[in-house]
Amino acid sequence: MPTTFTDQFWLIDPFSPPPPGTTLGVFSFDIIDQNDNNLINRFSNDSIDDVDIVSSYPGDTVTVALSGGGTVTITGTTFYLADGREVFTPSDGSVLETATLVSTTFVFGQGSMPVGDLGPPCFVSGTLIKTMAGWRAVETLTESDVVTGYAGNQLSLWKVLKRRFNARDLHANPKLRPVRIMAGALGSGLPERDLLVSRQHRMLVKSKIAERMFGAAEVLIPAIKLTVLSGIFVDEAVEEVEYFHLLFDKHEIIFAEGAPTESLYTGPEALKAVSPEAQEEILTIFPEAADLDYAPQPARFIPSGKLQKKLIERHQKNERPLLA
């Protein structure tokens, strides 16, 4: 079954760009992963804005001057579409804004864009996190605070990263809107209050269905994959949002509003889901993450996209909670 995503784009071909000084506006288009293989390319009739993809070039860059001052270089993928348009979308976690073109670089090799490059995984402000000193709002946490781990262990917080998006940002890029998990929607009365997280933030699923499918009762599933279930949905009513990343010395399971969920997951692929500034901070703490051979151990098994979908479908069909 096809899966639809929404992402942000500039209308530009870095191989043949317009003159420096050209204004680049932000467009929001749907992306359809036709065979749900978590790769966006031309080989499976994938499309953008209902138009087939002809070719794709991951690794292009666009450098722009920002309206607030300064310049930024954004790495992403350029897609050529069957209607003649060329569109560029970030793969480094950047959020596009209307900006002025400075320069571009381009690659010659074609490739795919993993859907995992879409959207940063994080909590929203106001989320209560379990710490050794009790429940704390995520925005009050600071480095060296001690958070309670899944096994009741003490986890020293290494870094707190945050980023705010206003109504204009959310309108320009709907994928930045949070997923709302209503109180009790996961099962066992969890979360204890409504929990808002970014689309790609993974929640722990603990069930016999997971154990039969994967040989592990506990797996991590992105929140956006849970939105087919009752009480879990992209919250279109949110007008602004501030996201927080919690970073420990390794990938951890912690508690948010009582529900088990992940901390920020570092590594070459995971780092693409945060901003360039966040990447710089993470790599300062974890320089080994820059090594392409470095593969951090996930806190729990993370199934592939197709298996994630199948797991949730089985829970839905059998009317079983995600947290048994």
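Modeller: Two strands pair if DSSP finds at least two bridges between them. Helices (H or I, at least four residues) and strands (E, at least two) are DSSP runs, numbered from the N terminus. This is a predicted model, where local features need pLDDT of at least 70, side-chain atom pairs count only at pLDDT 80 or more, and totals for chains, interfaces and linings use all residues. Residues are numbered from 1 along each chain as its sequence is written, and side-chain values use heavy atoms, with hydrogens and water left out.

Take strand E22, residues 241-247. Seven of its seven residues are buried, so the rest of the structure largely encloses E22. Buried means under 20% relative accessible area, exposed over 50%, and partly exposed in between (1.4 Å probe, protein chains only). Val 241, Tyr 243, His 245 and Leu 247 point one way from E22. Glu 242, Phe 244 and Leu 246 point the other way. Both sets are buried.

Now the partners. Strand E16 (residues 159-165) pairs with E22 in the antiparallel sense, over seven bridges. Strand E11 (residues 123-124) also runs antiparallel to E22, joined by two bridges. Tyr 243 is a bridge partner of Arg 163. Tyr 243 is also the bridge partner of Val 124.

Next, Glu 257. Its place is the loop between strand E23 (253-256) and strand E24 (259-262). Glu 257 counts as buried because its relative accessibility is 4%. Leaving aside neighbours within four places in sequence, Glu 257 is in contact (heavy atoms within 4.5 Å) with several residues, among them Gly 126, Thr 127, Trp 135, Pro 191 and Arg 193. The C-alpha atoms of Glu 257 and Ala 137 are separated by 9.6 Å, yet these residues are 120 apart along the chain.

The peptide bond from Leu 190 to Pro 191 is cis, with omega near -5°. Pro 191 is in the loop between strand E17 (179-181) and strand E18 (195-197).

Last, two backbone angles. Asp 49 is not a glycine, but has a positive phi of about 55°. Asp 49 is in the loop between strand E5 (47-48) and strand E6 (51-65). With a relative accessible area of 30%, Asp 49 is partly exposed. Glu 319 is not a glycine either, and has a positive phi of about 55°. Glu 319 lies in the segment after helix H4 (305-318). Glu 319 counts as exposed, at 71% relative accessibility.
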